[in-house]
Amino acid sequence: MNKYSSISDLRSLYAEKVTLQKQVYKQEKTILNDLSDIQSGAQRWVDGVFRVKNIVKALLPKFEFASILYPIVKRFVFRRKRK
């Protein structure tokens with residue numbers, strides 16, 4: 001038999017309802033705290049990425065895409081041919 005079989009009147013039913021509501025509130029509060037921690041962690045990570053992007057953008061001069069990519073591809077291709 002479960003613990004609800006011992007409820008015999010409305011007063012004990014109301015007390016059990018209040019107890020269950022407190023348990024649900026505590027669980028909701030825990031879940032909401034976990035969600036807010038996850039969101040704040042993700043937001044800090046995104047802010048860090050944008051901060052690094054802005055620093056790199058300010059410090060590095062503007063290059064053409066091909067001027068950066070050509071030496072990298074050239075090294076990769078010549079290393080493959082040697083092996």
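Predicted model: local features only at pLDDT ≥ 70, side-chain atom pairs only at ≥ 80, totals over all residues.
Local features are reported at pLDDT of at least 70 and side-chain atom pairs at pLDDT 80 or more, while totals for chains, interfaces and linings use all residues. Residues are numbered from 1 along each chain as its sequence is written, and side-chain values rest on heavy atoms, leaving out hydrogens and water.

The chain holds 2 helices and 0 strands (DSSP runs numbered from the N terminus, H or I of at least four residues for helices, E of at least two for strands). Of its 83 residues, 2% are buried (under 20% relative accessible area, with exposed over 50% and partly exposed in between; 1.4 Å probe, protein chains only). The accessible surface is about 8500 Å², and carbon and sulfur atoms account for 63% of this area (Shrake-Rupley method, 1.4 Å probe; for residues, only the protein chains shown count as cover).

Helix α1 spans residues 10-59 and includes I31. With a relative accessibility of 52%, I31 counts as exposed. Together with L32, L35 and I38, I31 forms a nonpolar surface patch of about 420 Å² accessible area (residues over 30% relative accessible area without a salt bridge, nonpolar side chains being joined within 5 Å and like charges within 9 Å; a salt bridge puts a side-chain nitrogen of Lys or Arg within 4 Å of a carboxyl oxygen of Asp or Glu).

T30 also belongs to helix α1 and is partly exposed at 46%. A polar atom of the T30 side chain lies 2.9 Å from the backbone oxygen of K26.

Definitions and conventions
Polar contact = N/O pair within 3.5 Å; in protein donor to acceptor, adjacent residues only side chain to side chain.
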